[in-house]
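Visitor: I have a model open and would like to learn how to read it. Could you take me through it, beginning with the core?

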Amino acid sequence: PNMFFVTADKKRSTGAVDKLHRGGLLAKLRQTKGLTLIELMIAVSIIGILISVPAVDYFRYRDERGVTKAADEIFSDIEHARTMAIKKEETCTVVFGTPSANDYSITLTNQPGTKVGTTTLYRGGVVLMSTGPDGGSAANTIQFNARGFASSAGSIYLKSKASINIYRIRISLSGLIDLKKWDPNSSKWKD
């Protein structure tokens, strides 16, 4: 009795395969020489949509990463200027907007040479702002004395040309430096 079912299954499966080969789906696929223009256009459109969605997010992320990296570097350079003033026991000055609008320079009073930094090399076209979103004015010059104190408190604002992300580097009179990001939803600076 088991042999009968096995044989019947074999006949049934063999018949289905024969039907596919003779006039069924496989025969029709063998006759097709290629794709129609409409089929090709639909396939290309679907591929284009699938590629473009993540690409937009990638470029936005890349631009945002540029402004974040610029803010981190300027923060680090200002900290370094304060450390140099203490170590060399002389005034160290950071001037923004020189030699050009989005550059800054760091100099020690009695030392030859100036370090020049720029924000234009970062992705997204990072720019220094004259006014922050909180209404504060940007400092043009920051000076640290030999004890590491700032001659005046001030803030530096920067953003990407293509985004709403804004960073603030604030320097207090005691020489403390902090970096914050503007949150447009709460209209406050966040860590």
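Guide: In the largest nonpolar core, which has 27 residues, the ones touching the most other members are Ile78, Phe96, Ile142, Phe144, Leu158 and Ile169. A nonpolar core here is a set of buried Ala, Val, Leu, Ile, Met, Phe, Trp, Tyr and Cys residues joined through side-chain atoms within 4.5 Å. Buried means under 20% relative accessible area, exposed over 50%, and partly exposed in between (1.4 Å probe, protein chains only).

Visitor: Which helix or strand gives the most to this core?

Guide: That's H3, with eight residues. At least two residues each come from H3, S1 (92-96), S2 (103-108), S4 (126-129), S5 (141-144), S6 (154-160) and S7 (166-171). Helices (H or I, at least four residues) and strands (E, at least two) are DSSP runs, numbered from the N terminus. There's also a second, separate core of five residues, including Trp182 and Trp189.

Visitor: What should I keep in mind about the model itself?

Guide: It's a predicted model: local features need pLDDT of at least 70, side-chain atom pairs count only at pLDDT 80 or more, and totals for chains, interfaces and linings use all residues. Residues are numbered from 1 along each chain as its sequence is written, and side-chain values use heavy atoms, leaving out hydrogens and water.

Visitor: What does isoleucine 142 touch?

Guide: Contact means heavy atoms within 4.5 Å. Setting aside residues up to four places away in sequence, isoleucine 142 touches Ile78, Cys92, Thr93, Val94, Phe96, Ile156 and Ile171.

Visitor: And the overall layout: how many helices and strands does the protein have?

Guide: Three helices and nine strands, running α-α-α-β-β-β-β-β-β-β-β-β from the N terminus. Of its 191 residues, 31% count as buried.

Visitor: Is lysine 180 buried or exposed?

Guide: Lysine 180 counts as buried because its relative accessible area is 19%. This lysine sits in strand S8 (residues 177-183), and its side chain makes a polar contact with the side chain of aspartate 191 at 2.6 Å. A polar contact is a pair of N or O atoms within 3.5 Å; within protein, one must be able to donate a hydrogen and the other to accept it, and residues adjacent in sequence count only if both atoms are side-chain atoms. Beyond four places in sequence, lysine 180 is also in contact with residues including Ile166, Tyr167 and Trp189.

Visitor: How about leucine 37, buried or exposed?

Guide: Leucine 37 is exposed, because its relative accessibility is 61%. You'll find leucine 37 in helix H3 (residues 37-88).
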